[in-house]
Amino acid sequence: MITRASELGVHPTAQDVDKWFLNHQGLHNSISMERISLGKSVQHRTLFANRFTNTPDRLTEFSDEKFLTNHRLETKISSEPTEDEQVVILMQSLIHGNEVLGLLTLMQIAERVLAEVDTLLSNKQNLRSSSLKSKPSFSIIFFPIVNPDAYHVNLQVNAGCRRTNLRPCSKEQEQIIQLNLSDKSVFAMCYTNAVDLNRNFPADWDGQYSAFSEEHFCSFNHRGAAPFSEPETQAVKKLVLEYNVTHFIRLHSRAVPRMQPLLIHPFASFRPMADMLPQTEAKHRQWVKLMRLRGYKVGTALEAIEYAAGGTTLDWTFSQKIMAFVHEAAVPNVCTDRWCGEYKNLHTGNSNIILKQTIKDSEIGSIFVKLAPEDQIMQSNQTSFLHFWLPQNLCILSTFGMFCIFARRSNPIKKLKKFICWGQKK
Ligand SMILES: [Zn+2]
C-alpha cells in the first residue's frame, strides 16, 4: 500500500494519485474521507476531489450567489466564528496541466496535515481540555488534478508542454483527438492549445479589468467561449458552492529555476485594490508580509507575478466571499524547468531531492510557524476555531486559517501554551 507521497516519484500518474488518496480511507482514526465525483473532463476523464472531515454528517449549506461585480465584500467566516461556522478549506493543483510541482506540493501538504490533525483529534485529552463544548469540526478538500487531460498528455511525451485543456480547437485537432492517442498524436496535441482553465471564470472574464485572456481559440491564454464553458471549471464551481468552501488555495509553479516563489492574493485582474474593503485588504497584506521575509514575492498578481489576468479562480472565489490565495512553488535548482522532465524514470532518490526543495519553499504553514514570533501568535489572538491547551510541544497555526502542527518548545511540560487554529479572525 502506498502511503508516502514521495514514493510516487516526480510524475505520479492520475491513477496513482487517486489510489494514494483512496489509501487514506480508513487510515485515520478521527477523519473520514468522502470521494466527490465532479463529472468528466473534455476527454471524459473523471474529475474527483477528496474531502477529509471529522464531521461527515454536517451538511453544508448550498449558496448560489451570483457573481458579484461589487467586490467590496467581507469573508464568510465572521470575526468571531461560532461552532456552527465550519471552515472548509479547498486546495487544488494542476489547473495548468504542466505544473506538476503544484501537485507534489499538494500531496505533501495533504500527507502531513492529515496525519497531524488525526493525531490531534484522536487525543482525547486535547479534546477534553478544549474550550469548545462540542467536538471541533475539520474539513479539508483536495482537488489534485483539475486538468487531467493535459496532465495525461504531458506524462505521455514527458515534455510538460500542455497547459490548457483539450477541447479541440480545430477540425484537424478534433481528428487527432479521436485517434487512439498514439504517441505521435499526443505529441501533436501537446503543441496546440485550447482553453486556459484559469481564465474561464466569470470574475473580470471580460470588461475593463480583464487581461491576458485572449479571445483567439488555440491560444495559450484562451478564456473559452463563455465563463464556465468548460467541464473542468464547472467542476470547480460545483465543489466551491455545494461544499460551501470558506478558504481556497491553488497551487501553481514558476516556469524555471531561480524565479522566486509567489504568494498572490486578489486581485489577479487589473481591478484596483480600492474595490476591496480596507480591512480585507489589510488582512491580505498582513498575511503575505511574513512570506515576503521568507523570500517570496507577494501581493496582487500585478505586484507578484508582474502581469494581470482576467477570469481567474482566485478572483472568482474571492467574489464568493472566500479567502483566496495562489501559491506558486519555486522550481528546484536540480530541474531545468517546472516539469522536471529529466527525472521521469528515476525513483525516490531523486524525487526526494525535488520534494525537499519544493517543500522548503512551499510548505506555507510551517513557514508561517517559523516566522511568527511566539508572542505575536499568542497576543494577536488572530484565529479562533479550535482551541487547545496542547499537552505537547505542538502548535497549530493557520496560513489564513490553515493548519500546521509543529514542534515549538523543547520543554513542553514547563510551558503549556494555548495555540489556536482554523479560521482567521480579523
Ligand atoms: Zn499556473
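Guide: Two strands pair if DSSP finds at least two bridges between them. Strands (E, at least two residues) and helices (H or I, at least four) are DSSP runs, numbered from the N terminus. This is a predicted model, where local features need pLDDT of at least 70, side-chain atom pairs count only at pLDDT 80 or more, and totals for chains, interfaces and linings use all residues. Residues are numbered from 1 along each chain as its sequence is written.

Visitor: How many bridges join strand S3 to strand S4?

Guide: Five, between residues 88-93 and residues 139-143, and the two strands run parallel. Ile89, for instance, has Ile140 in S4 as its bridge partner.

Visitor: What is the strand order in the open sheet?

Guide: Its eight strands follow S1-S2-S4-S3-S5-S8-S6-S7, with mixed pairing. S1 (32-40) and S7 (297-299) are the edge strands, each pairing on one side only.

Visitor: Which residues touch the most other members of the largest nonpolar core?

Guide: In soluble globular proteins, nonpolar side chains tend to be buried together. A nonpolar core is a set of buried Ala, Val, Leu, Ile, Met, Phe, Trp, Tyr and Cys residues joined through C-beta atoms within 7 Å; buried means 20 or more other C-beta atoms within 10 Å of a residue's own, with C-beta atoms placed from the backbone. Here the core has 83 residues, and Leu90, Met91, Leu106, Ile141, Phe142, Leu239 and Ile264 touch the most other members. Helix H2 (residues 100-122) gives the most to this core, eleven residues.

Visitor: What is the average pLDDT of the chain?

Guide: pLDDT is the predictor's confidence in each residue, from 0 to 100. The chain averages 72, and 62% of the residues score at least 70.

Technical notes. A residue is buried if 20 or more other C-beta atoms lie within 10 Å of its own, exposed if 12 or fewer, and partly exposed in between; C-beta atoms are placed from the backbone.
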